[in-house]
Amino acid sequence: MKKIGIIGSTGSIGTQTVEVIQELNGAEPGSFCVTALACGNGVEKMAEQARALGVRLLCTGTKEGAGKVRSMLSDMKPEVLWGKEGLKELAASGMDTLVTAIVGMAGIEPTLEAIKNGTDIALANKETLVAAGEIVMREAGKRGVSILPVDSEHSAVFQCLRGIRREELDKIVLTCSGGPFRTYPAEKLDSVTPEMALGHPTWNMGGKITVDSATLMNKGLEVIEAARLYSLSIDDIEVTVHPQSIVHSMIKTRDGAVIAQLGYPSMKLPIQYALTYPERKKCGVPVLDFTKGMTLTFEEPDREKFPCLGLAEAAGREGGTMPACMNAANEKAVSLFLQGKVKFTDIALIVEKAMASHRVIKDPSAEDILGVSDETYRNAALQLLQRKTRR
Ligand code: MN
């Protein structure tokens, strides 16, 4: 029986992880046991999950939330932790695999705690590798812990890499849907509203990641993740726009072969693969049907129209604390955009300003990285731009 913890259990990935585990247990009863769940605000939903799965260790974002969960589950008498410290304690509780489906920088510390305890990571939190990739991969290497990617692109690369030796790998090609504004006129982008950005074509995701997909920052973050995960340089990661989202990503080997992983867009297979690896189990997702015919297209991403992609690549090349700065500025900018306080096109401007005024710390500690996130939030350039663009 594999013991699983899920942090961010009520979000899109967390909910689907619970479904995948229930389906796997349906096919082979008792193969997975969820021992810990954590959420931010979705306390009711998490309490339901805890009841359905019989989970005894829980964590919520706030003390009030923890009280609510305790009273909802009074008959089960679970241990309910709360806040940042609670989340770290939960992460260190010794499961086989921790699914990090939490959004934002808050994912870094619990991930490091779990790694220290020899727990494998099914990684769905981007910030962990973007901001703290060097530290996380080093710690994981030291403890012999596996980092199993849940993101569809990195899972595709992970699947393509099976049986390929490191020295045989030449490049990684990440596919990108292009977002909802791929064919939208560049000069109209500054009038894009949060509502327009939230209507993503193929994948159903949370608000932050949906906006990141629209600015192509999401792909920029994924380029950094891929470089860290597979010890490649940023320039070894290519990006191709593939609006059908059928090819989930590819690798190029040194003899010039290109290997791809394909499927209908669904997060279930990548989630399941991270949980069952190195085995493959039956999965409920429909399989591609080539008898019906299909057209797959690929094009170069427009880095002028979507500057966030190039900014992320530059931050990844610079390394040190720069990716953390870039990421923190983007988090802030996206939240301001979602609140209607800045324009869609201001997101890239805010990120650019924050990066330009950041003094990079090379070989940073986890504290340095988390400090950068705070510093960037208070960044003078950011405040200035905020005032200027506030409606
Ligand atoms: Mn992705």
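Predicted model: local features only at pLDDT ≥ 70, side-chain atom pairs only at ≥ 80, totals over all residues.
Local features need pLDDT of at least 70 and side-chain atom pairs count only at pLDDT 80 or more, while totals for chains, interfaces and linings use all residues. Residues are numbered from 1 along each chain as its sequence is written, and side-chain values use heavy atoms, with hydrogens and water left out.

**Largest cavity**

- Searching the whole structure gives one cavity of 30 Å³ or more, where a cavity is a set of points, on a 1 Å grid over the protein atoms alone, at which a 1.4 Å probe fits but cannot get out.
- The volume of the largest cavity is about 60 Å³, a volume being the space filled by probe spheres set on grid points joined across faces, edges and corners.
- Its lining (residues with an atom within 4 Å of a point) includes Val130, Glu134, Arg228, Gly320 and Ile369.
- Helix α6 (residues 126-143) gives the largest share of this lining, six residues; helices (H or I, at least four residues) and strands (E, at least two) are DSSP runs, numbered from the N terminus.
- Because domain 1 (2-150) and domain 3 (319-391) both contribute lining residues, the largest cavity lies between them; the domain bounds come from an automatic or database domain assignment.

**Second largest pocket**

- The second largest pocket holds about 320 Å³ of space, a pocket being an open set of points with protein on both sides within 12 Å along at least five of seven lines.
- Of its 16 lining residues, Leu262, Gly263, Leu269, Pro286 and Val287 lie nearest the centre.
- Strand β11 (258-262) and helix α11 (268-276) each supply at least two residues of this lining.
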